[in-house]
Amino acid sequence: MATGRTHRPATRSRGIPEATVARLPLYLRALTALSERSVPTVSSEELAAAAGVNSAKLRKDFSYLGSYGTRGVGYDVEYLVYQISRELGLTQDWPVVIVGIGNLGAALANYGGFASRGFRVAALIDADPAMAGKPVAGIPVQHTDDLEKIITDNGVSIGVIATPAGAAQQVCDRLVAAGVTSILNFAPTVLTVPDGVDVRKVDLSIELQILAFHEQRKAGEEHEATVPPVAAAHQDPTEQGPDGDVPAVMPA
């Protein structure tokens, strides 16, 4: 079976915009749900609504894949699932290592969605000697001393960092030096990587702060809506202009 180290998706070479690439997983999730319900075809409007985008953007995105649907019929669900999966590189095996097996790392290890989406958790790695050998999600945890050997032996090109912020950059450097070229970072810090290495950052606190901003704005709008408009101040008629709204010019 092909591994992540020797095969990479062709999205960049085919000139697919990054914004489109970011939406492909949304389409795939919606299409997979349709496939599980044995829905054979779907219109661009229906699929766009399920994915949370507008239909014009969806049709533009699919044009990059060479998929235009059939007028009056729509898109073939199974074919689109295959087409997007192939474009994202999900029709092959991607071995992944997770470094940092605390609460978050353990939760990620137990996530059942990896295997169904083309990813195989090849190893769990932690710096705590007491964790070594303990099974998490049926996989024994290995010590960080063996990180480079684990990467090489499993042909890993994707690493997940779930360590505390202070350890993340050092772990990142070791992963990159060992041959990892894509990193999913859950640590609350910005990583520095060389050219050719892709980093995706997942920061739950930032997402919550963004939601707090929107909640505060909605609360402010609701408050403004309940406050009656301020009555116009009464002015002396002698201080108003001929139309009653502009102060008259006083004679010299």
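**Close-up views of a predicted model**

View 1. Ser38 is exposed, with a relative accessible area of 62%, where exposed means over 50% relative accessible area, buried means under 20%, and partly exposed lies in between (1.4 Å probe, protein chains only). This is a predicted model, in which local features need pLDDT of at least 70 and side-chain atom pairs count only at pLDDT 80 or more, while totals for chains, interfaces and linings use all residues. Residues are numbered from 1 along each chain as its sequence is written, and side-chain values use heavy atoms, with hydrogens and water left out. Ser38 is found in the loop between H1 and strand E1 (41–42), where helices (H or I, at least four residues) and strands (E, at least two) are DSSP runs numbered from the N terminus. The phi angle of Ser38 is near 60°, which is a positive value in a residue other than glycine.

**View 2. The whole protein.** The protein contains nine helices and nine strands, and 37% of its 252 residues count as buried. Its accessible surface comes to about 15,200 Å², of which 57% belongs to carbon and sulfur atoms; such areas come from the Shrake-Rupley method with a 1.4 Å probe, and for residues only the protein chains shown count as cover. Where residues at least 6 apart in sequence are in contact (heavy atoms within 4.5 Å), 57% of those contacts join residues at least 24 apart.

**View 3. The crossing of helices H1 and H3.** The axes of helix H1 (residues 18–36) and helix H3 (residues 55–65) come within 11 Å and cross at roughly 105°, the axes being lines fitted to C-alpha atoms, for helices over the stretch in contact, with angles from 0 to 180 degrees between N-to-C directions. The two helices, H1 and H3, are therefore roughly perpendicular to each other, a description given to angles of 65 to 115 degrees, whereas those under 35 count as roughly parallel, those over 145 as roughly antiparallel and the rest as oblique. On the side of H1 the contact is made by Thr20, Arg23, Leu24 and Tyr27, and on the side of H3 by Lys57, Leu58, Asp61, Phe62, Tyr64 and Leu65.

**View 4. Strand E6 and its partners.** Strand E4 (residues 119–126) and strand E6 (residues 139–143) run parallel and are joined by three bridges, and two strands pair if DSSP finds at least two bridges between them. Within this pairing, Ile125 stands opposite Gln142 in E6. Strand E5 (residues 135–136) also pairs with E6, in the antiparallel sense and over two bridges, and there Pro135 has Pro140 of E6 as its bridge partner. Two residues lie between the strands in the hairpin of E5 and E6, where Ala137 takes a positive phi near 55°. Ala137 is partly exposed, with a relative accessible area of 40%.

View 5. Ile158 lies in strand E7 (residues 158–161), and at 18% relative accessibility Ile158 counts as buried. Leaving aside its neighbours within four places in sequence, Ile158 is in contact with Trp94, Pro95, Val96, Val97, Phe119, Val180 and Ser182. Gly102, found in the loop between strand E3 (94–99) and helix H5 (103–109), counts as partly exposed at 38% relative accessibility. The C-alpha atoms of Gly102 and Asp126 are separated by 8.4 Å, although these residues are 24 residues apart along the chain.
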